Amino acid sequence: MVSKLQLVVFSLEREHYGLDTTKVKEIARMEEVTPIPRVPSYIEGVLNLRGQILPIVCLRKRLALPPRQETTTTRIVIVDAEDLKVGLIVDAVTEVSDITNAVVTPAPHLATSSFVTGVCQHGEALVSLLDPVQLFFADATTGVK
Amino acid sequence: MVSKEYLRLFLDEAEEIVDRLALNLILLEKHPEEQRIINEVFRDAHTIKGSSAAMGFTHMAGVAHHMENVLSLLREGQVSPTPPLFSALLGGLDALRRIKHDVYAVGHESTYDLAEVVAGLSGFSSVAAGSAAAETAATDTSAGDAHPVTHRVEITLRAHAVMKGVRSFILLQSLRELGEIVRCEPRERDLKEERFDQSFVVEMHTTHPASALSDMIGRDGDVDGVRVVTLGAPPGAATNQAEKQSAQRTDTKQHSVRVDVNKLEKLMNLVGELVLERNRLANVLGKLERAGRDNQHVQVLLGVSGQLGRITGELQQEIMKARMIPIAQLFNTFPRLVRDLAHARQKQVELVLSGTETELDRTIVEEIRDPLIHLVRNALDHGLESPSERVRLGKPAEGRVVLAASHEETNVVISVKDDGKGIDREAVKHKARSLGLVTEEELRGLSDSQVLNLIFAPGLSTARTVSDVSGRGVGMDIVRTQLDKVGGSVDIVSELKVGTEFVIRLPLTLAIIRALLVSVGERTFALPIAAVSETRKLDRAQVRLIQQRECLVIREQVVPLVSLSDVLQLPKQNEAADHLVVVSSGAAKVGLMVNRLLGEQEIVIKPLGPFFTANRELAGATILGDGRVVPILDVKGLLAIMNK
């Protein structure tokens, strides 16, 4: 499938992930997240974004990657998933890029979850395209909604 | 095709009319001699007929037409106000409501089997037709005798009238019923398509007097003024230039607009945010001042912040008021319910409503609908005796149910009271024992009010027969649950053979509550003050063990102790949780052990959203002055997860 894509690309554990810009509301600096008791571990808690309370998901934990200390590049990507705003903690946002003639291939079977809808070549790098709805609402272990 | 906006306006109006009809029909059944009521009912049926026809809702218009016919006969005294007649009218009303609901849901009518409803209604018109035939013939002759006269009717709609096109169409229809329209300025098509300002002029031939025309038009709520000028006989007849002028109707109606609930909700949220930002500002300024940086600018800012605080406070109050609706909107659905139920149970009931102007947050009004319905049904089913039984007991045959609302400090109190047989404590005790809810020994220790409160236990119902609406024992516990949900409470006063009263206390509003902030380790939580019965420092020497659980005896009541940290499964910490917050939900009491009490304050409740729906222990979250988010605990949910 060849199409034109505009992606917010961020890195995590030396891999690149992308979200469609239409799904990204804003990119915020890391702020104090209030933990909420008795929730799956990948839900980091809630954040006060200008008076609005948003749930915050840690992408590392969601993708079952090893945890890492927060750094100056850590960002919260505010994603719009089915009318619900959710913050996604990522290691760093690398760029917002237009990819013309993007070739999106289906995610390889070895991809651990259904959070990734496809993979796309961008320069030297491979970018995994994330599906926010799957990411936030699908069951943590099976990836099935 | 009608626009969405028109449809919404039509539905708003239809809703208003249907509600008013429901209330007035019940009133009319009780006081058939009241001309004022029958006129209003007739007018409403007429209006809804006209507006639904204009919108193309033929089923609705048809039903309204048949209702109007029956009402017209009733008004002229050609049919008697019997219960079957009112049942037929109420049947028609139910049909209107059903169709309106469909239109609301899908934007158009679907197909209906209205044969029964229509037959029920037209049965009355045909009965009357026979007896009325002679009379009608007589009136026709008299009408024939009168010569038609030409009138000029000048109609001005209110400045803010909506759906002017439809409105003018309805008015023209009304006039057509009285005579023949010969001229219309602007033309009728322009009127229909709203190509006019506020006024239009109609010339018509009619045998009715000018006052009849102005009365008919003036009754419409959207008409600001009407002037009828008699021009005289139509061409060819003798002319009469005497200009009759009817009293101009100057309206002093309350000015109001309808506001979408969601818009109000949004406004409320924005004001909530404004309050939070104001708190933040005050917080930062306080820090600046303490840090000794109180130069001139900081002083000015402090003044601004204070002023801002006052204004936001007022704004919040006003918007809060806008969210309030009179409880009449809920109470007014009860006369119909009581009427139908009284008929079904063959009981005689007088329903008294009082304090209907009492205002309450609209969310709360929605939430208490079902519990109130349940209590009123219970009063009829289990409270009131049958008429013969009442007479035997020396009571009036007609039972009395009072639904009253009033303000009490920051609460609204609603009482549901009947003069029936009262609650039989022995029967309650017996049932509770047989269900294994309490032991014989526990029963002996219970106070009278504790015994009465047993009726809120799941599964307990003292009714001997199971009826279709109540008496299945699933009701009272749900009543309590639902009232708990909106932060309300319920008390029972009951005297055998004299009657029972349920007293419900509700908060005025849900959006802002007083809360106690507590800390567990580094985390802060808010507890609604309404659920906190007391706080104290924990004296370890007083703690007793009952079945391996730590308890404390507080005023002869055994209160189990739990660590909030354990309940919420927070990481272990070393600091001693030696502050106790005793919380209660319904009859259950628990002592929560926390590290620190941080004080009381007003907080704005914000929803946590779908991510946290499984967290029953959380009622939402709030944002403190320093921007921190603090989860608000729901005591009922907390107790529920504790017992798992």
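## A loop on chain A

Let's start with A:Arg38, which sits in the loop between β3 (24-29) and β4 of chain A. Strands here are DSSP runs of E with at least two residues, helices are runs of H or I with at least four residues, and both are numbered from the N terminus. This is a predicted model, where local features need pLDDT of at least 70, side-chain atom pairs count only at pLDDT 80 or more, and totals for chains, interfaces and linings use all residues. Residues are numbered from 1 along each chain as its sequence is written, while chains are lettered from A and ligands numbered from 1 in the order in which they are written.

For the cut-offs, a residue is buried with 20 or more other C-beta atoms within 10 Å of its own, exposed with 12 or fewer, and partly exposed in between, with C-beta atoms placed from the backbone. If you skip its neighbours within four places in sequence, A:Arg38 is in contact with B:Leu568, B:Gln569 and B:Asn615. Being in contact means that the C-beta atoms of two residues, placed from the backbone, lie within 7 Å.

## Where the chains touch

The contact takes 13 residues from chain A and 20 residues from chain B. On the chain A side, β4 (43-49) and β5 (52-58) each supply at least two residues. The largest share of that side, three residues, comes from β4(A).

## Chain B at a glance

Chain B has 20 helices and 22 strands. Of its 644 residues, 33% count as buried. Take the contacts in chain B with a separation of 6 or more: 68% of them are between residues 24 or more positions apart.

## A five-stranded sheet

Which strands make up the open sheet with mixed pairing? In order, they are β6-β8-β9-β11-β10 of chain B. Two strands pair if DSSP finds at least two bridges between them. β6 (349-354) and β10 of chain B are at the edges with a single partner strand each, so one side of each has no neighbour in the sheet. From one strand to the next, the twist averages 15 degrees.

β6(B) runs parallel to β8 (residues 399-408) of chain B, and six bridges join them. Across this pair, B:Val352 stands opposite B:Val402. Helix α12 (residues 334-345) of chain B lies across β6 and β8, at about 165 degrees to β6(B). Angles like this run from 0 to 180 degrees between N-to-C directions, using axes fitted to C-alpha atoms, for helices over the stretch in contact. α13(B) also packs on the sheet, touching β6, β8, β9 (411-418) and β11 of chain B, and its direction makes about 20 degrees with that of β9(B).

## A helix with a buried face

In helix α18 (residues 475-485) of chain B, the buried residues are B:Gly475, B:Met476, B:Val479, B:Arg480 and B:Leu483. Looking down the axis of α18(B), you find them within an arc of 135 degrees, so they line one face of the helix. That arc is taken from the directions from the helix axis to the C-beta atoms. Their cover includes α13 (362-383), β10 (489-495) and β11 (499-507) of chain B. Just after α18(B), B:Gly487 takes a positive phi of about 75 degrees.

## The nonpolar core

A nonpolar core is a set of buried Ala, Val, Leu, Ile, Met, Phe, Trp, Tyr and Cys residues joined through C-beta atoms within 7 Å. The largest one has 72 residues, and those with the most contacts inside it are A:Val46, A:Val77, A:Leu88, B:Ala526, B:Leu527 and B:Leu633. Its largest share, six residues, comes from strand β12 (residues 512-520) of chain B. Domain 3 (261-323) and domain 5 (512-642) of chain B both give residues to this core, so it lies between them. The domain bounds come from an automatic or database domain assignment.

β12(B) is joined to β13(B) by six bridges, and the two run antiparallel. In this pair, B:Ser519 stands opposite B:Thr524. Their hairpin has two residues between the strands, and B:Gly521 there takes a positive phi near 60 degrees. β13 (residues 523-528) of chain B is mostly covered, with five of its six residues buried.
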